[in-house]
Amino acid sequence: MTGQARPLVEVNDLVVQYRRAGLLPGAAIQAVDGVSLTIQPGECVGLVGESGCGKSTLGRAILRGTPVSSGTLRFDGVDITRITGRRLRDVRRKMQMVFQDPYSSLNPKMTVERIVGEPIRTHTSGSRREMRTRVAEALEVVGIDPARMGDYPHQFSGGQRQRIGIARALAVRPLFILCDEATSALDVSIRAQILNLLRQLRAEFGLTYLMISHDLGSLRHLCDQIGVMYLGKLVETGSSAQIFGDPSHPYTKSLLSAMPVPDPAVERARTRIVLTGDVPSPMSMPSGCGFHTRCWLRQKLGSPERCHLEAPPLAASVAGGLVACHFSREMRDLKDGVAPAPTGEHQKRRTTEVQEGGFAPR
Amino acid sequence: MSAEVAAASAAGALLRVRNLTVRFKGAGRDLTAVDGVDLELGRGDIVGLVGESGCGKSVTMMALSLLVPASSGVVTADELSFGGVSVLDMSTQELRNLRGRDLGFIFQNPLHSLNPLLPIGIQISEGLEQHMQLSRKAATAQTVDLLARVGIPDPKRRLRDLPHQFSGGMCQRVMIAMAIACEPKLILADEPTTALDVTIQAQILELLGSIVSETGASIIFVTHDLGVAAGFCNHIHVMYAGQIVESAPVDAVFYEPRTPYTWGLLNSVARFDQEAPETLPFIRGRPPNPHEFGTHCRFRARCDYARQACAGPGPDLLPRPGRQHLARCFGTEPSGWLEARS
């Protein structure tokens, strides 16, 4: 998200509106409300936020999967906001997607060969033999035995299916992959395997990722930059280390404090900032700062008027990222009663195999 | 367990389960989904059932209240008693009273477990009329109180609303109001926060915690989220392939795990508050299907520490040093070859 060489993805003031279909269209809902975001080649950017905050819509808009209302999208230097037909198809080859649910994102009636081969058939011309070779290559890369090409999705486990989903995305040698909750539906032991795979593929092929996830641990493990979204807007961006270690927005802070950690001592020592209420409906957007209706910092500061009168711009934060909050400096000065991001005083677990002949000392 | 502790817990035990087994009729052969589970719960206990999908956590929960349909599954147990009364011998009517009054259920997806066509007020007061013998008027008044208690704003006005008019978090609050309506002694919560955002999850866990401290109810809490288990439960059973493989107070499970499965599970979690190693530790392979269970250690094929002994008839769930710590692993038995260092 910082300006360096030519960015791969450039989103500028993007707005996506939805309108109720039918005879009586209601007011437009701003699913994505003026988001700007830059992704450098080889970078991994993560998006977090509660359901309905617009992170998936933003992802899909970047892939031109949902109509853009205003703003511009540039991919690899080319404006793709309005392109159509052949030009759009060419760009789409370079951007692929991995979906959340490996059970519903693979057609149960297709063999793995057809599933992984479909994007190849769509985007390239070549003989059946060439296609099979490329499918085999893609499967090999993700750790699925190419000999199982003729099998159907139900013959694979959840983790293997997600690997097939990744192979499908890789098959056309994209530059950019959107992972929308790609590890959320997986069990922990399998999730670690997939996270490792995504990391390894990135190193191997120089891939660029946009990862959408509510699992902060997965994001910290993979991402260089993080964007936090709330009600269609980016409220904070920064490096992964900064967002997780030194958040500047009260929403980010409460999100981190609500995230459970598998460590009973840390859990007991934490003070949670429990946000009251739900995310406001995008149909009745709050005035001023979108977060003010649930903001604990505003309460602490005695409900300053500015919060509900004036929408804060996304501006440089002291911590080094960007933040949209009038009082983020004040938050940093608050030491009392605010949950610090828990530090990992985690006890290291190690398994040791006792030397042959020796009993386990206790 | 010392004789004293055993006697004390036997006297206070709310739920005692010995050798609970659930078999489903599969194609050709029977599949054992839950194999010899022992549980014991005192009042006010929050016990976690932790494990990956398909390990039998949810089936165990259903079996505890004999909710496994007799047409597809068979529940057997050496003992399954609630407050000292055997559940297995109960008549249909007694079972209905038990489920309605003494047990409360909270499921994963509140929108799927509420009747979409019935106002939520009726769904809650139904149980009150049925099991607490309240008049309709009294039940409605009580329902308003319950909704207020679980934090639904303006409860009186919302009685006639249908489930779809509530957000996910609010629906889960309605489910909780329904679950605690008849002041149950035991709440069975099956992944109650999995479908919710973390901020809403924190609200719901806080609510459940306050209900436990106010009413003294016990909770069996099924989750695959180790973080939630660490923060919410005081005793944890780790399940793998239909069996409990480790059972211990929460700190012991996290800091002194005694099975390679628990070790592996804990190590493979990517935490947001810690820099993870370049390559995350992981457990290779996948959990076995019920027809692959066999008689040996069910984790053997994925275990980095397995030896010849592990191919023999499976290890039993046996005590380890420390209070109430049980583990199912040849390697960490006193004669074994594994030790956990913390």
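Author: A residue is buried if 20 or more other C-beta atoms lie within 10 Å of its own, exposed if 12 or fewer, and partly exposed in between, with C-beta atoms placed from the backbone. V323(A) has 28 other C-beta atoms within 10 Å, so V323(A) is buried. This is a predicted model, in which local features need pLDDT of at least 70 and side-chain atom pairs count only at pLDDT 80 or more, while totals for chains, interfaces and linings use all residues. Residues are numbered from 1 along each chain as its sequence is written, and chains are lettered from A and ligands numbered from 1 in the order in which they are written.

Reader: In which strand is V323(A) found?

Author: Helices (H or I, at least four residues) and strands (E, at least two) are DSSP runs, numbered from the N terminus. V323(A) belongs to strand β12 (residues 322-323) of chain A.

Reader: Into which domains is chain A divided?

Author: Domain bounds come from an automatic or database domain assignment. Chain A has domain 1 (9-18 + 29-230) and domain 2 (246-333). Their C-alpha centres lie 30 Å apart. Between them, 10 residues of domain 1 of chain A are in contact with 10 residues of domain 2 of chain A. On the domain 1 side, β2 (29-39) and β9 (225-230) of chain A are the elements that give two or more residues. β2(A) gives the most, with three residues.

Reader: What does the side of domain 1 of chain A that touches domain 2 of chain A have by class?

Author: Ala, Val, Leu, Ile, Met, Phe, Trp, Tyr, Cys and Pro count as nonpolar, Asp, Glu, Lys and Arg as charged, and the others, Gly among them, as polar. That side of domain 1 of chain A has seven nonpolar, two polar and one charged residues.

Reader: At what angle do the axes of helix α3 of chain A and α5(A) cross?

Author: Axes are lines fitted to C-alpha atoms, for helices over the stretch in contact, and angles run from 0 to 180 degrees between N-to-C directions. The axes of α3 (residues 112-123) of chain A and α5(A) cross at roughly 30° and come within 7 Å. V112(A), I115(A), V116(A) and P119(A) of α3(A) make the contact with I164(A), A167(A) and R168(A) of α5(A). The contact has six nonpolar, no polar and one charged residues.

Reader: Which residue has a phi near 50° in chain A?

Author: Most residues other than glycine have a negative phi. R173(A) has a phi near 50°, a positive value. R173(A) sits in the loop between α5 (158-170) and β7 (176-180) of chain A. In chain B, phi of E183(B) is also positive, near 50°, and E183(B) sits in the loop between α8 and β8 (186-190) of chain B.

Reader: How many helices and strands are there in chain B?

Author: Chain B has 12 helices and 14 strands. The radius of gyration is taken over C-alpha atoms, and the globule rule is 2.2 Å times the number of residues to the power 0.38. For chain B the radius is 21 Å, close to the 20 Å that the rule gives for 342 residues, so chain B is as compact as a globular protein of that length. Of these 342 residues, 49% count as buried.

Reader: How many residues of chain B are in contact with chain A?

Author: In chain B, 54 residues are in contact with 50 residues of chain A. On the chain B side, the elements that each supply at least two residues include α8 (168-180) and β14 (338-341). The chain B side divides into 27 nonpolar, 17 polar and 10 charged residues.

Reader: Where is confidence lowest and where is it highest in chain B?

Author: pLDDT is the predictor's confidence in each residue, from 0 to 100. In chain B, helix α1 (residues 3-12) is lowest, at a mean of 46, and strand β11 (residues 243-249) is highest, at 97. Chain B averages 89, and chain A averages 87. The model scores ipTM 0.85 and pTM 0.87.

Key
Contact = placed C-beta atoms within 7 Å.
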